[in-house]
Amino acid sequence: QPAMAAERSLAMATCTAPVNIAVIKYWGKRDTDLILPINSSLSVTLHQDQLKTTTTAAASRDFTEDRLWLNGKEADVGHPRVQACLREVRRLARKRRGGGEDAAALSLSYKIHIASENNFPTAAGLASSAAGYACLVSALARLYGLEEELSEVARRGSGSACRSMFGGFVQWQRGERPDGTDSLALQVAPETHWPELRVLVLVVSGEKKPVGSTAGMQTSVETSPLLKHRAEVVVPERLAQMLRHIQDRDFEGFGQLAMRDSNQFHATCLDTFPPIFYLTDVSRHIIALVHRYNAHHGHTKVAYSFDAGPNAVIFALADTVAEFVEVVRRSFPPATNGDQFVRGLPVGSAALSPELVAAVVTEPVPGAVQYILHTKPGPGPQLVDDPSQHLLGADGLPRSRA
């Protein structure tokens with residue numbers, strides 16, 4: 001039951017939630033209001049030690065209006081998707097109570113204050129909406145004492161957010177019903193299933209994307225015949241294959257399919273009219289580098305996946321990370337931040353053979369990659385028990401972050 005400080009009548013809950021990266025991509029809605037996709041998708045949840053959103057939700061009879069703060073700045077709590085999540089959580093809470101007000105339970109009429117923070121740059125194109133809405137729903141559910149399946153609620157905030165409600169490897173099922181009740185996420189394997197899997201995020205730019213995902217994917221649905229073929233024919237087959245590669249921990253199959261699916265997603269963007277370009281010259285340099293590296297080794301040791309932006313997400317097994325990071329460092333020599341170039345999990349040092357350098361490091365582009373974040377698959381949303389970690393103070397306002 002939510003901790004209710006009786007004398008202040010303030011209830012508060014704080015959660016963290018992860019970013020996820022789709023290896024079979026979601027692009028296109030069949031219902032824009034309910035956020036129902038035209039195809040199923042499959043993702044890897046990334047570890048919250050490197051990338052996470054933290055959200056505190058508080059309710060009090062003293063609050064006069066709902067309020068929202070993102071990364072310390074007040075934001076529009078009236079945003080339709082924020083409102084959809086709030087409405088759904090309150091509806092579930094009401095339903096759970098059988099319509100009657102449980103004296104011990106938090107009053108659903110109280111206004112709420114929400115504060116949310118990312119431990120990574122929001123603009124860096126690192127799926128902040130997925131983590132953000134998964135975290136919002138987790139914190140609200142905790143506040144109102146809900147336990148049930150919440151991926152359906154998170155989906156109403158951001159489609160990919162439903163996948164961030166679980167750790168490890170997660171499938172978002174397309175569903176068939178018009179009301180969306182069967183369009184939900186389920187975990188296909190926990191993060192412990194493939195302990196050697198590692199993820200490198202190559203941040204090439206913190207720019208805002210040229211076309212937001214929401215607008216972009218609907219233009220694609222309306223104008224791209226390739227997207228229709230992808231959703232109806234290609235994805236169902238690929239999803240089954242990808243599930244098999246994950247179960248078998250078959251990196252060769254997993255990596256190749258992840259790259260093919262990423263490429264097809266970007267092909268559907270190019271097939272959209274007018275076309276959408278998310279990949280930049282640097283993105284294409286990274287793609288070519290990965291193919292040269294794999295060709296040199298004679299099999300798939302690293303695999304790229306790009307979402308709606310230029311940053312590369314690279315999958316590899318742990319024993320490949322140090323060498324490939326060194327290859328990236330030689331190919332994109334850091335401009336100034338040599339010491340800050342690799343962040344996240346530690347990366348060992350690696351000596352490169354002259355043959356590898358000659359075959360793989362062709363023309364270096366200094367400063368093109370801002371930094372590399374080394375991470376791995378991780379768990380779903382977590383409850384933060386330590387009250388000192390709340391983002392809101394006892395007055396229900398953001399705490400000054402020292």
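**Ground rules**

I number residues from 1 along each chain as its sequence is written, and my side-chain values use heavy atoms, without hydrogens or water. Because the model is predicted, local features need pLDDT of at least 70 and side-chain atom pairs count only at pLDDT 80 or more, while totals for chains, interfaces and linings use all residues. I take helices (H or I, at least four residues) and strands (E, at least two) as DSSP runs, numbered from the N terminus.

**Entry: helix 5 and helix 6**

I looked up helix 5 (residues 225-247) against helix 6 (residues 251-271). Their axes come within 10 Å and cross at roughly 165 degrees. My classes are: under 35 degrees roughly parallel, over 145 roughly antiparallel, 65 to 115 roughly perpendicular, the rest oblique. The crossing is left-handed. A crossing is left-handed if the near helix is turned anticlockwise from the far one by less than a right angle, and right-handed if clockwise.

For contact I require heavy atoms within 4.5 Å. On the helix 5 side I noted, among others, L226, L227, V234 and R238. Their counterparts in helix 6 include F254, L257, R260 and D261. The residues of this contact divide into 10 nonpolar, 5 polar and 5 charged. Ala, Val, Leu, Ile, Met, Phe, Trp, Tyr, Cys and Pro count as nonpolar, Asp, Glu, Lys and Arg as charged, and the others, Gly among them, as polar.

**Entry: helix 7 and helix 8**

Next I checked helix 7 (residues 281-297) and helix 8 (residues 318-331). They pack at about 130 degrees, axes 12 Å apart. The two are therefore oblique to each other. This crossing is right-handed. L289, V290, Y293 and H297 of helix 7 meet T320, E323, F324, V327, V328 and S331 of helix 8. By class I count 6 nonpolar, 3 polar and 1 charged residues here.

I traced an open sheet of 5 strands, order 14-15-13-17-16, with mixed pairing. Strands pair if DSSP finds at least two bridges between them. Strand 14 (302-305) and strand 16 (342-344) are the edges; each has a single partner strand, so one side of each lacks a neighbour in the sheet. Neighbouring strands are turned by 25 degrees on average, direction ignored. Strand 16 pairs with strand 17 (residues 371-375) in the parallel sense over 3 bridges. V342 has I372 as its bridge partner in strand 17.

Helix 6 packs on this sheet, touching strand 13, strand 14 and strand 15. Helix 8 touches strand 13, strand 14, strand 15, strand 16 and strand 17. The direction of helix 8 makes about 140 degrees with that of strand 15.

**Entry: strand 10**

In strand 10 (residues 111-118), 6 of 8 residues are buried. Buried means under 20% relative accessible area, exposed over 50%, partly exposed in between (1.4 Å probe, protein chains only). Strand 7 (residues 52-60) runs antiparallel to strand 10, with 8 bridges. T55 stands opposite S116. Strand 8 (residues 67-70) pairs with strand 10 in the parallel sense over 4 bridges. There W69 stands opposite A115.

**Entry: F166**

F166 sits in the loop between helix 3 (151-155) and strand 11 (169-172). Its relative accessibility is 26%, so F166 counts as partly exposed. Beyond its neighbours within four places in sequence, F166 contacts T45, E149, S151, A185, L186, Q187, G380 and P381.

Conventions:
Axes are lines fitted to C-alpha atoms, for helices over the stretch in contact, and angles run from 0 to 180 degrees between N-to-C directions.
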